[in-house]
Amino acid sequence: MKKRIRLKGRIKTYLQFSIYLGVLLLVINAGILVIDYRAGLLLGFFTLFYFAVTLTLYFYNKPVIINELVSFATQYGQIQKRLLRELELPHALLDDAGKVIWTNQAFENATGQQKGYNKSIMALFPSITKDRLPDNEGVEETQYELTYEGKEYIAKFKKITLKEMAENSDMILAKGYDGFLIAVYLFDETALHIALQEVDDQSLSVGLLYLDNYEEALESVEEVRRSLLIALIDRKVNKYIAALDGIVKKLEKDKYLVIMRKKSVAQLQDTRFDLLEDVKTVNIGNEMAVTISIGVGLDGLTYAQNYEFARNAIDLALGRGGDQAVIKTPESITYYGGKSQQVEKNTRVKARVKAHALKEIIAGKDKVIIMGHRLADVDSFGAAVGIYRIAQTLDRKAHIVLNSVANSMQPLIDLFKNNPEYDDDMIVGSGQAIELAGNNAVLVVVDVNKPTITECPDLLKVCKSIVVLDHHRQGSETIENATLSYVEPYASSACEMVSEILQYTSDNIKIRTEEADCMYSGIMIDTNNFMSKTGVRTFEAAAFLRRNGADVTRVRKMFREDAIEYKAKADAVSQAEIYRQSFAISVCTTEDIQSPTVIGAQAANELLNIRGVKASFVLTDYQGKIYVSARSIDEVNVQIIMERLGGGGHMSIAGCQMEGIGIAEAIGNLKATIDIMLEDGDI
């Protein structure tokens with residue numbers, strides 16, 4: 001039987017409404033017949049006529065209306081299809097595997113494809129993978145940013161189940177079938193991103209520019225020419241910043257405030273802050289080149305926050321030795337420059353001020369806990385012993401945190417163990433130190449400013465009062481909320497700094513010979529027998545320790561090597577590879593050696609004696625980690641090389657630790673880092 005088209009809904013009700021009225025009229029007619037026969041008869045004839053006309057019109061107009069509706073629906077579908085085809089928003093349909101089955105003109109224009117393109121959407125946009133599309137596991141809609149032929153889009157994917165389509169059509173699906181289509185919409189965000197980028201480029205940044213060696217540079221010039229040197233530096237800085245459409249204001253004799261657009265900072269980054277080198281060209285007979293440090297704050301929520309970022313950045317630049325630029329944002333810290341050796345300060349005013357501050361802090365506490373870095377070396381332990389002496393002088397109980405003792409350190413430890421002059425709990429482990437730490441204890445951290453490599457990082461959370469004394473350049477990771485921080489990269493060693501502080505702690509302070517030997521050893525080892533990073537104050541500190549009983553011969557005998565260690569160092573030197581004609585790279589063996597990392601550091605020092613070698617790197621596989629000792633004389637900043645590999649240190653003495661890789665891969669990473677930095681001009 002041929003299936004007829006039937007009406008439903010409001011149209012059916014509208015057409016049948018007159019019939020319903022006729023039925024109502026029949027009911028009324030029956031009531032009138034009871035009341036008045038003649039009136040009812042007359043109404044009955046009218047009702048029959050009404051029914052005849054109504055039914056005739058109903059059955060005559062119904063096919064006409066249905067045909068009109070079918071015609072409208074057909075025209076509407078064609079118009080809708082044309083509108084969708086001509087829609088300005090790029091739109092396409094995909095099957096459940098991501099294959100394109102229909103596209104509109106805007107999509108074809110955006111992708112440069114012809115009508116009928118039926119390949120996978122992944123072929124058009126490689127960044128869109130199968131796992132990023134809606135699936136049967138409940139993901140109905142997804143959205144991603146993508147770039148195509150220089151334009152930036154937001155691609156929205158929406159799942160359309162075939163079951164929903166079947167309910168509104170004549171399709172019959174197999175039981176349990178759960179297929180679906182995916183609708184794709186591309187929203188062009190290019191203009192918006194350009195506008196946002198322009199707004200971002202115009203945002204203001206704050207910079208601070210400090211002259212590192214202002215006083216020292218002036219002293220190297222005749223007095224009558226000093227004003228000329230200052231004027232030339234001012235002109236150089238002002239002209240450079242003005243070329244970037246920035247504003248510079250001199251705050252003090254050696255400090256400038258700089259305001260510029262973020263776009264100008266990007267230009268500075270592109271030139272790698274060539275102002276750092278440009279200022280050094282100012283020369284009117286001054287023996288010392290002027291160096292500057294720059295700190296820039298970006299992307300803060302307010303101008304005040306940008307200024308705070310700039311202050312933190314300039315502190316980092318100065319803490320790392322100056323002659324460099326640091327850019328700080330809420331997410332990252334970027335370093336530029338840092339190729340010059342920092343000049344030693346002749347004045348000891350800062351040491352005296354820090355000594356008095358340290359004295360007041362220790363005097364206000366009941367207990368002093370002293371901690372160095374992990375795998376403590378001679379400098380770390382010697383500095384800790386010096387702080388121990390300060391605490392004893394102020395009648396405060398002190399403890400040195402030391403978990404493991406390297407073979408090279410054993411002679412120094414033996415000076416204090418079983419010594420009646422020292423308490424049995426002078427040296428404690430991490431667990432005992434945490435138990436001893438309390439609200440009225442001060443933690444003094446020596447020879448390290450990176451919290452993750454301290455002997456016991458948990459102590460930093462337990463102790464509320466923290467003092468940091470270190471000579472390593474600061475990195476992005478620092479000990480926060482320190483009550484007192486004394487970080488001087490120009491110092492040769494932590495023992496040198498502590499020796500100076502000792503002299504200002506108390507008049508006629510008495511240091512035992514064991515303590516003097518420890519601190520003298522720290523200076524001697526860190527300066528490679530006074531050949532590296534030594535200045536006037538280094539020899540003054542050594543002289544102070546000599547006056548207090550340090551014996552050079554006794555120290556030398558303590559640090560003599562056994563035959564196995566000497567051979568291991570000789571093997572590391574003999575097997576060194578000279579990479580790119582300037583970098584010596586070698587591996588130190590760990591067999592039958594108690595302190596292979598120390599031997600590696602000594603081998604790195606020895607490799608610098610080879611003619612043409614600018615920097616040396618010795619790798620040691622020890623306790624599941626790769627330890628890298630990096631050394632240089634003055635041509636290469638090994639600190640920034642080690643920072644790229646997760647470490648740090650000084651310009652001429654640095655190191656890092658690598659985990660989860662072997663020696664061969666570590667050497668590959670080191671060489672790749674050197675290659676990149678050489679290409680970028682960083683070293």
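Trainee: How do the axes of helix α21 and helix α22 cross?

Mentor: Two packed helices are described by the angle between their axes and the distance between the axes. In this predicted model, the axes of α21 (residues 563–574) and α22 (residues 596–607) come within 9 Å and cross at roughly 45°. The two helices are therefore oblique to each other, and α21 passes α22 in a right-handed crossing.

Trainee: Which residues make the contact between α21 and α22?

Mentor: From α21, the contact residues are Glu-565, Ala-568, Lys-569, Ala-572 and Val-573. From α22, they are Ile-599, Gln-602, Ala-603, Glu-606 and Leu-607. Sorted by class, this contact has 6 nonpolar, 1 polar and 3 charged residues.

Trainee: Is the crossing of α17 and α19 left-handed or right-handed?

Mentor: The crossing of α17 and α19 is left-handed, whereas that of α21 and α22 is right-handed. On the α17 side, Glu-496, Ser-499, Glu-500, Leu-502 and Gln-503 take part. They meet Arg-537, Thr-538, Ala-541, Phe-544 and Leu-545 in α19. The residues of this contact divide into 4 nonpolar, 3 polar and 3 charged.

Trainee: Let us turn to the whole chain. How many helices and strands are in the protein chain?

Mentor: The protein chain holds 24 helices and 23 strands. To read its overall form, one may compare the radius of gyration with the value from the globule rule. The radius of gyration is 41 Å, well over the 26 Å that the rule gives for 683 residues, so the chain is more spread out than a compact globule. Along the principal axes, the C-alpha atoms fill a box of roughly 145 × 60 × 55 Å.

Trainee: What share of the residues of the protein chain count as buried, and what share of the contacts is between residues 24 or more positions apart?

Mentor: Of the 683 residues, 46% count as buried. Among contacts with a separation of 6 or more, 64% are between residues 24 or more positions apart.

Trainee: How should I read burial for a single residue? Is Thr-103 buried or exposed?

Mentor: A residue is called buried under 20% relative accessible area. Thr-103 counts as buried because its relative accessibility is 6%. This residue lies in strand β2 (residues 100–103). Leaving aside neighbours within four places in sequence, Thr-103 is in contact with Arg-85, His-91, Ala-92 and Glu-108.

Trainee: And is Tyr-307 buried or partly exposed?

Mentor: Tyr-307 counts as partly exposed, at 36% relative accessibility. Its place is in helix α11 (residues 303–319). Not counting residues up to four places away in sequence, Tyr-307 touches Val-206, Leu-208 and Leu-257.

Trainee: Where is Val-448 placed, and which residues does Val-448 contact?

Mentor: Val-448 is in the loop between β15 and α16, and it is buried, with a relative accessible area of 3%. Beyond its neighbours within four places in sequence, the contacts of Val-448 include Gly-372, His-373, Ile-453, Val-468 and Ile-479. The C-alpha atoms of Val-448 and Arg-473, 25 residues apart along the chain, are separated by 9.4 Å.

Terms used:
Residues are numbered from 1 along each chain as its sequence is written. This is a predicted model: local features need pLDDT of at least 70, side-chain atom pairs count only at pLDDT 80 or more; totals for chains, interfaces and linings use all residues. Side-chain values use heavy atoms; hydrogens and water are left out. A crossing is left-handed if the near helix is turned anticlockwise from the far one by less than a right angle, and right-handed if clockwise. Helices (H or I, at least four residues) and strands (E, at least two) are DSSP runs, numbered from the N terminus. Contact means heavy atoms within 4.5 Å. Ala, Val, Leu, Ile, Met, Phe, Trp, Tyr, Cys and Pro count as nonpolar, Asp, Glu, Lys and Arg as charged, and the others, Gly among them, as polar. The radius of gyration is taken over C-alpha atoms; the globule rule is 2.2 Å times the number of residues to the power 0.38. Buried means under 20% relative accessible area, exposed over 50%, partly exposed in between (1.4 Å probe, protein chains only). Axes are lines fitted to C-alpha atoms, for helices over the stretch in contact, and angles run from 0 to 180 degrees between N-to-C directions. Angles under 35 degrees count as roughly parallel, over 145 as roughly antiparallel, 65 to 115 as roughly perpendicular and the rest as oblique.
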